[in-house]
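Subject: Structure handover

Hi,

Here is the structure for your files. Please open it alongside this note; what turned up follows below.

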Amino acid sequence: MVLYKLLSRVLWHNRVLQPATVTSAIFRRFSRVKKQTTASDMSKEQRVLEYVLQNASRGDPESVLAAMDKYGMEKEWLMTVGEHKGPILDRFVKETAPQTMLELGTYMGYSAVRIVNLLSEGTKFITLEVNPENAAVAKEIISFAGLQDRIIQVISDSAEAIPQLKTKFNIETFDMVFIDHWKDVYVRDIKLLEENKLLRKGTVVLADNILRPGAPEYAEYVRTCGKYDSTLHKATFKDKTDGVEKSVYQG
């Protein structure tokens, strides 16, 4: 509990547009405490991290993704785009080949690893996460995958971060955006991207979980506001169907 409070306090103090640089140092400082922690005391995200470290190969993004997929299939359900919707994401990333990309919702880093593994090394990829504990796990997973130098990780509420992205990270516009955080702020954040002129004509915006748990307000907005050419792409696993919305900004 002491470690949890300290980690939360330090990360939240440095959270607004602060690249995630403090997490590893904290884990190193308290490495003995970490080793003594049992699986039952860990969060699900920490258990996933331990599983990846034990079952994937360092510097191999595909083995990291495979380990996370296997964990989600065999142990605990994971809130990631996963192996069933993942090919939809892969296809649009390959088609778009963005040079600048934003992700809203890092969670454990699964989609960041998946996307950046498909991108050229010169691509500027920024991912935002509001939860410092999840960001800490994501930092470790991204580093283990060998992608720490290609991903800019920011711990911040997206409403605070989005208006500052141009000046803080020298971004003119994004070629692609992947939205996969709190569903009730999807509309707020895409409007913020518009207002801050971070989208250009042709920017591809992908949004996950349109059907499960659902983002009906967002779906209605991008389909009816007249600013996007928008289509839903479904994927079914067993008896559950979800969808990724692809919306191309028309300006």
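First, a definition: buried means under 20% relative accessible area, exposed means over 50%, and partly exposed lies in between (1.4 Å probe, protein chains only). This is a predicted model, in which local features need pLDDT of at least 70 and side-chain atom pairs count only at pLDDT 80 or more, while totals for chains, interfaces and linings use all residues. Residues are numbered from 1 along each chain as its sequence is written, and side-chain values use heavy atoms, with hydrogens and water left out.

**Glu129**

Glu129 sits in strand β3 (residues 124–129). Helices (H or I, at least four residues) and strands (E, at least two) are DSSP runs, numbered from the N terminus. Glu129 is buried but has no salt bridge. A salt bridge needs a side-chain nitrogen of Lys or Arg within 4 Å of a carboxyl oxygen of Asp or Glu. The nearest side chain of opposite charge is Lys183, 10 Å away. Lys and Arg count as positive, Asp and Glu as negative; His and the chain ends are not counted.

**Salt bridges**

The whole structure has eleven salt bridges. One pairs Lys85 with Asp208, with the closest N and O atoms 2.9 Å apart. Lys85 is in helix α6, and Asp208 is in the loop between β6 (199–207) and α12; they are 123 residues apart. Both Lys85 and Asp208 are buried.

Another joins Glu194 to Lys227, at 2.8 Å between the closest N and O atoms. Glu194 lies in helix α11 and Lys227 in the loop between α13 (216–224) and β7, so the pair ties together parts 33 residues apart in sequence. Glu194 is buried, at 12% relative accessible area. Lys227 is partly exposed, at 29% relative accessibility. Salt bridges with shared partners also join Lys85, Asp208 and Asp242 into one network.

**Helix α11**

Why is helix α11 (residues 186–195) largely enclosed by the rest of the structure? Seven of its ten residues are buried. Among them are Tyr186, Asp189 and Glu194. Just after α11, Lys197 takes a positive phi of about 55 degrees.

**Lys166 and Glu172**

The side chains of Lys166 and Glu172 also meet in a salt bridge, 3.9 Å from N to O. Lys166 is partly exposed at 28% relative accessibility. Glu172 is exposed at 61%.

**Ala66**

Ala66 is in helix α5. Its relative accessibility is 45%, so Ala66 counts as partly exposed. Ala66 and Asn55 are eleven residues apart in sequence, and 9.4 Å apart in space, C-alpha to C-alpha.

Best wishes
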